[in-house]
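Dear colleague,

I am passing on the structure below, together with some notes on what was found in it. Please read the notes with the structure open beside them.

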Amino acid sequence: GGDTAAEGRIEVLLSSNEAWGTICDDDFDYVDAQVICRMLGYAGTLRVQSFGAGSGPIWFDDVACEGDESSILECGHAGLGNSNCGHSEDIGVVCLGDAITSVPVRLVGGSSSTEGRVELSINGEWGTICNNGWDFADAKVVCR
């Protein structure tokens with residue numbers, strides 16, 4: 001781990017039925033780190049850095065994000081659990097700013113994944129947001 005909550009080795013839990021695992025440093029770059037920091041609710045990324053060896057499965061290798069993904073699962077990679085790495089190659093990130101506590105958000109009913117009605121998941125139940133007072137600043141927060 002790192003010295004602050006904004007830095008450390010990346011560990012991934014794919015589902016409650018799986019074990020925590022890591023990401024290999026092969027081809028992992030700043031763009032990939034931006035996706036990770038965004039997933040964690042940070043405003044930006046400072047750098048990619050090693051924070052020592054983890055344990056468990058190495059879930060991702062040869063990660064190739066475009067930069068606009070909302071999840072590492074949307075990025076190209078060698079296949080879940082397909083890796084030619086050892087844990088000495090586990091990668092970490094240093095994110096910028098304070099994490100924004102978030103709830104799951106999705107866009108529903110649009111013609112693409114970048115438009116639609118905003119829905120939030122609270123305690124596992126999806127619901128909508130009233131548009132009274134909703135403006136561009138609110139939309140920018142959702143689209144981060």
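Cys 85 lies in the loop between β5 (58-60) and β6, where helices (H or I, at least four residues) and strands (E, at least two) are DSSP runs, numbered from the N terminus. Cys 85 is buried because its relative accessible area is 15%, given that buried means under 20% relative accessible area, exposed over 50%, and partly exposed in between, with a 1.4 Å probe and protein chains only. Along the chain Cys 85 and Ile 58 are 27 residues apart, and their C-alpha atoms are separated by 7.6 Å.

Before going further, please note that this is a predicted model, in which local features need pLDDT of at least 70 and side-chain atom pairs count only at pLDDT 80 or more, while totals for chains, interfaces and linings use all residues. Residues are numbered from 1 along each chain as its sequence is written, and side-chain values use heavy atoms, with hydrogens and water left out.

**The protein as a whole**

The protein contains 2 helices and 9 strands, and along the sequence these follow the pattern β-β-β-α-β-β-β-β-β-β-α. The C-alpha trace spans about 50 × 30 × 30 Å along its principal axes, and 28% of the 144 residues count as buried.

**Salt bridges**

Side chains of opposite charge can pair when their charged atoms come close. Taking a salt bridge as a side-chain nitrogen of Lys or Arg within 4 Å of a carboxyl oxygen of Asp or Glu, the count comes to 3 salt bridges. One of them joins Arg 9 and Glu 11, with the closest N and O atoms 2.8 Å apart; Arg 9 is partly exposed at a relative accessible area of 22%, and Glu 11 is also partly exposed, at 36%.

Another salt bridge is formed by the side chains of Arg 106 and Glu 119, at 2.8 Å from N to O. Arg 106 lies in strand β7 and Glu 119 in strand β8, so this pair ties together parts that are 13 residues apart in sequence. Arg 106 counts as partly exposed at 34% relative accessibility, whereas Glu 119 is buried, with a relative accessible area of 8%. Glu 119 also meets Arg 117 in a salt bridge of 2.7 Å, N to O, and Arg 117 is partly exposed, with a relative accessible area of 42%. Through shared partners, these salt bridges join Arg 106, Arg 117 and Glu 119 into one network.

Arg 106 has a further contact, for it lies over the face of Trp 126, at 4.0 Å from the ring centre; a charge sits over a ring if NZ of Lys or CZ of Arg is within 6 Å of the ring centre and within 35 degrees of the ring normal.

**Two loops around β7**

Val 103 is found in the loop between β6 (92-96) and β7 (105-109), and at 36% relative accessibility it counts as partly exposed. Ser 111 is found in the loop between β7 and β8 (116-122), where it counts as exposed because its relative accessibility is 68%. The side chains of Ser 111 and Glu 115 are joined by a polar contact of 2.6 Å, a term that stands for a pair of N or O atoms within 3.5 Å; within protein, one must be able to donate a hydrogen and the other to accept it, and residues adjacent in sequence count only if both atoms are side-chain atoms.

With kind regards
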